[in-house]
Amino acid sequence: MIYDIHTHYWNPEDTSLTSDTSHLGIPAAANRKMSSDRHFEETKAVDRAVVFGLRALKSSMNIPNDTVKKQVDRAPERLIFFTSIDPTEKGYLDELERTHMDLHAKGIKLGPIYQGAHPLDRRNLEIYAYAQKHNLPIVIHMATTYARGVPLDYARPFYMDEVAIKFPDLKMVLAHLGHPWIGETIAVIRRNPNLYADISALYYRPWQFYNAMQLLVEYGTWEKVFFGSDFPFTTPQESIDGIRNINHITGNSGLPRISDEIIDEILCRNSLGILGIE
Ligand SMILES: [Zn+2]
């Protein structure tokens, strides 16, 4: 079984996303690759896939949670709905409760660098408290981005250490291994039993990806890492192939190989079971 913990969905025709998305958090190329049918088909490469939009008004990402839920309802046996809550939006806790209670969200997606609220902001702490109380895991974007206007500091995995200590029963997944702060992410997930990371959107930077995998091995932290694709930026199948082919990067250079067992373990990890939402 392969579970993809990280796929995006939005409706490209959504009036909030114009055809020129270059100034937004969504590159135009990704927007062209997104459609309901394409998401539906490409996610068939895995057994189950988590699906979320990203609500981030500051970055003009006004993706309604209902749009995402509608997509999940096309294949509820294999797609899992996560709500996305923008803490800067009026009524954000009501939206959290609505999407949890009425739309049956299984988890939450946050992106402080897109939303403009620091990971330790009071409003985010309220979301963490609700999530902990209701056993909703959080996937949080912790990585650099091309989107401008919010301090890069808001994307530092370092702050999630304090969050993990404050909310010991809240399970959180730091997306993209927190690139380029991969060492920082490993330090943080290693010491906090409730923190994990996903490996999405990394394989296409081969040198960084190889180093990330090797660091996970050296710190003995690969058990805290989940498979994810970041569709539509890459597809689940491309991501599986990218991970399986990791040892092609270093070839006969003499650099250590990543063992097939570790690759298989990451690909086949039961992330949904570990997060308590299977
Ligand atoms: Zn993403």
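## Loops and a helix pair in a predicted model

S60 is partly exposed, because 16 other C-beta atoms lie within 10 Å, a count between the limits of 12 or fewer for exposed and 20 or more for buried. The model is a predicted one, and in it S60 sits in the loop between strand 3 (55-56) and strand 4 (61-62). Most residues other than glycine have a negative phi, and most peptide bonds are trans.

| Site | Feature | Value |
|---|---|---|
| S60 | positive phi | about 60° |
| H104 | positive phi | near 60° |
| H179 to P180 | cis peptide bond | omega near 5° |
| F231 to P232 | cis peptide bond | omega near 10° |

H104 belongs to the loop between helix 4 (92-101) and strand 6 (107-110), and it counts as exposed because it has 12 C-beta neighbours inside 10 Å. P180 lies in the loop between strand 8 and helix 8, and G178 is placed in that loop, between strand 8 (172-174) and helix 8 (182-191). With 27 C-beta neighbours inside 10 Å, G178 counts as buried; leaving aside residues up to four places away in sequence, G178 touches M142, A143, P157, E184, T185 and A197.

P232 lies in the loop between strand 10 (225-226) and helix 10. The axes of helix 10 (residues 236-244) and helix 12 (residues 260-267) come within 10 Å and cross at roughly 160°, and the two helices are therefore roughly antiparallel to each other. The contact is formed by I240, I243 and R244 of helix 10 together with I263, I266 and L267 of helix 12, and these residues comprise five nonpolar, no polar and one charged.

How values were computed:
Residues are numbered from 1 along each chain as its sequence is written. This is a predicted model: local features need pLDDT of at least 70, side-chain atom pairs count only at pLDDT 80 or more; totals for chains, interfaces and linings use all residues. Helices (H or I, at least four residues) and strands (E, at least two) are DSSP runs, numbered from the N terminus. Two residues are in contact if their C-beta atoms, placed from the backbone, lie within 7 Å. Axes are lines fitted to C-alpha atoms, for helices over the stretch in contact, and angles run from 0 to 180 degrees between N-to-C directions. Angles under 35 degrees count as roughly parallel, over 145 as roughly antiparallel, 65 to 115 as roughly perpendicular and the rest as oblique. Ala, Val, Leu, Ile, Met, Phe, Trp, Tyr, Cys and Pro count as nonpolar, Asp, Glu, Lys and Arg as charged, and the others, Gly among them, as polar.
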